[in-house]
Amino acid sequence: MELSITLDSYNFSEEQIRELDKIIDSCTTRSKLIPILEEVQQLLGFIPVAVQEMISERTGIPENDIYGVVSFYSYFTMEPRARHRIQVCAGTACYVKGGKEIGEFIEKKFHIKPGESTEDGRFTYEQARCFGTCGLAPVMVVDGKVYGKVKIQDIDKILEQYK
Amino acid sequence: MIYLIVKDLAMLEDIKIKTLKKSQLSEDDKRVRVTVHMGTCGIASGAKDVFDTFKGLVRESKARDVKLDTTGCMGICSREPLVTVEVVNQEPIIYEYIDAGKAAEIFDTHIKDGTVVSKYAFARGRECDMEKRLKNNGRIEGQEVIDDSIDGIEEIPYFSRQKQIVMRNRGVIDPFKIDDYIARDGYRAAYRALREMDRGDIIKTVSESGLRGRGGAGFPTGLKWKFASKADSKDKYIICNADEGDPGAYMDRSVLESDPHSVIEGMIVAGKAIGATRGYIYCRAEYPLAVEVLNRAISQARRYGLLGKDIFGSGFDFDIEVYEGAGAFVCGEETALIRSIEGGRGNPRLKVPYPAEKGLFKEPTIIDNVETLANIAPIILNGSEWFASIGTEKSKGTKVFSITGDIVNVGCVEVPIGTSVRTVIEEMAMCPENGKNIKAVQLGGPSGGCLPLEYLDTPLDYEPLKELGTIMGSGGMIAIDEDKSAVDIARFFVKFCSDESCGKCLPCREGTRQMVNILDKICSGNGTKEDIDILEDLAHVVKETALCGLGKTASNPVLSTLKYFRDEYEQIVE
């Protein structure tokens, strides 16, 4: 990993930086760390090391602790995501009902593996833990919208809506 | 808007009467109620569109006599979106698989012209009237039966075999309205616990009820509370474990989304029992609706003074905060969950001292599962004897299961403990689907095991299931048909545990990885008989030496499939 990338080399907008400042200021105790990281993830879409350093400097929480937390939980990423996020449920009910084939179809179509993004920056593909909507298995979620009882032949049509 | 502080039973009663009066249908005011059931499953199937369609139709036709309501999940996810239509003095009709077009048809034909659209109908009646309907031959006084060609809800085993304690309010109340909960006698148990009982009384009642933790381990809840109440400290905590990570399990999501106050009330009672003033609900980030519902419920409870300082004028202070998990299965383990709230990596630790002694921020802490807490208010209100009369000798009350897989009726069911697996799978879930036979039922998710067909008459209870190498678990139940490979299912679960292993202890970190490697080798057809033996040995070692529950149970799917489906393993390697 490139640790020397500074915050300036990411093209965050001024507003994003202002918002980021506010979020970090709200971290008053150690137990607020995960909630603020969740907010940062939402704001920027990822949490690069440079941002982790900034949080560490301002809160006094050791950098390696923050890195430890960010790398531990699957909610956080250190790489930017593509414009759209495809999550294919890999829970048991979906697996039993054909979720595996959906994943394979997407991997083949876009030549990507779970966790990767397409080169054109259109889709990030992830395998997700159970969404708890097993009644609709197999389930695929695109940008937070749940598609249930997905059939292989429906996938192209679903993804067409996301440019 | 000015909110009154609810100080006593009279005020609860007042809210109840007003709410019931407001919701009552009448010939000269609101004549019809349309209820769209909007849990996550419903919304994902299009319930929001259905709701908007009805809203548009009501507005366009200026139908002032139609009331439009929403509730959380109704419990039978595979038939979503579900809509209930009630016309004054008539039996309610539940419609299934509704979309915008069908909604328009129902609006014209049923709501305006008074003829039931029987082709879309699923059942007559409401689940909350089940007991009355069963006693009274399917009739409810004052409700005319319009179309008896449709099944009464009491005639459908999926519903009639259930006993609702935890899910007592599902499909009836709007989870965003605290008044709806109070109208179903909500917060009366909290009143009783805070004003009429001392700590010892509460613990005695919960102990005598026989309630056991519903997260999977089945530890007696009353005993856990007793330990924490004896711990000497000013700051104690209650944590509600809503980190429902088992893939294929969504009982807790369903409870939180349809009845959040039942959990909040349980936490207030638990808080008083152990002397805690602060509670956390640790909820998965994958459940955005549950988090939203909980936050709204907490702020409504605060406005009524049911959370905060001096609740019911009892001098007891208690407040709750929702803590969103960040995606780590291991955080369902108590000590890992605590580390996570403290802001660290979710690594478990050895469980002495127990959290009841030294938990969150090193203070005495009780961690109870969502379902456990939702049982508390009914126990306080109806007494321990009532609760203990349900279930088996060793395990009292009901258990909620989320049933999925190769079955027809997918959803959440609450049955008395001791009900047989066969009743749930064959009678309620209507298995098999597509004429295919099932070969096994997987219980307890990645920590559990398979139960083969010949053991389907086993009662759903902690000990009998454990004897057979599976577990009751938190309530995930997955039917697997004859086409699926038991070895592949075992690989799926071990792979899951391996991905989710926190890496702290070697047996789990390396052991699960090696098990996946061996299973991959076997599944690819390159395995040998020796590999099966190594796998079995390794599974035992991991089970006996891992640090926390995740590692200790990660072998269960392997061991149980080896026990019952060894021939499948052998067939592949031959």
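This is a predicted model: local features need pLDDT of at least 70, side-chain atom pairs count only at pLDDT 80 or more; totals for chains, interfaces and linings use all residues.
**Confidence in chain A**

- The mean pLDDT of chain A is 90, and 98% of its residues reach a score of at least 70.
- Within chain A, helix α4 (residues 63-72) has the highest confidence, at 95.
- The lowest confidence in chain A belongs to helix α5 (residues 92-96), with a mean of 85.

**The sheet of chain A**

- Chain A contains an open sheet of 4 strands, arranged in the order β2-β1-β3-β4 with mixed pairing.
- β2 (123-128) and β4 (145-147) of chain A are the edge strands, each pairing on one side only.
- From one strand to the next, the twist averages 20°.
- Helix α6 (residues 99-110) of chain A packs on this sheet, where it touches β1 (84-89), β2 and β3 of chain A.
- The direction of helix α6 of chain A makes about 145° with that of β1(A).
- Strand β3 (residues 140-142) of chain A runs antiparallel to β4(A), and 3 bridges join the two.
- In this pairing, A:M140 of chain A stands opposite A:Y147 in β4(A).

**Backbone features of chain B**

- B:P353 belongs to the loop between α14 (334-341) and β10 (365-369) of chain B.
- The loop between α14 and β10 of chain B also holds B:F361, whose phi is near 50°, a positive value in a residue other than glycine.
- B:F361 counts as partly exposed because it has 15 C-beta neighbours inside 10 Å, whereas a buried residue would need 20 or more and an exposed one 12 or fewer.
- B:K362 is likewise found in the loop between α14 and β10 of chain B, and it has a positive phi of about 65° although it is not a glycine.
- With 13 other C-beta atoms within 10 Å, B:K362 is therefore partly exposed.

**Domains of chain B**

- Chain B is divided into domain 1 (31-156), domain 2 (178-387), domain 3 (398-481) and domain 4 (486-573).
- A distance of 30 Å separates the C-alpha centres of domain 1 and domain 3 of chain B.
- The contact between these two domains takes 4 residues from domain 1 of chain B and 4 residues from domain 3 of chain B.
- On the side of domain 1 of chain B that touches domain 3 of chain B, the residues comprise 2 nonpolar, 2 polar and no charged.

**Contact between chains A and B**

- Chain B contributes 39 residues to the contact, and chain A contributes 30 residues.
- On the side of chain B that touches chain A, the elements giving two or more residues are α2 (40-45), α14, β11 (398-405) and β15 (476-481) of chain B.
- α2(B) gives the most to this side of chain B, with 4 residues.
- The residues of chain B on the side that touches chain A divide into 15 nonpolar, 15 polar and 9 charged.

Key: Residues are numbered from 1 along each chain as its sequence is written. Chains are lettered from A and ligands numbered from 1 in the order in which they are written. Two strands pair if DSSP finds at least two bridges between them. Axes are lines fitted to C-alpha atoms, for helices over the stretch in contact, and angles run from 0 to 180 degrees between N-to-C directions. Two residues are in contact if their C-beta atoms, placed from the backbone, lie within 7 Å. Domain bounds come from an automatic or database domain assignment. Ala, Val, Leu, Ile, Met, Phe, Trp, Tyr, Cys and Pro count as nonpolar, Asp, Glu, Lys and Arg as charged, and the others, Gly among them, as polar. pLDDT is the predictor's confidence in each residue, from 0 to 100.
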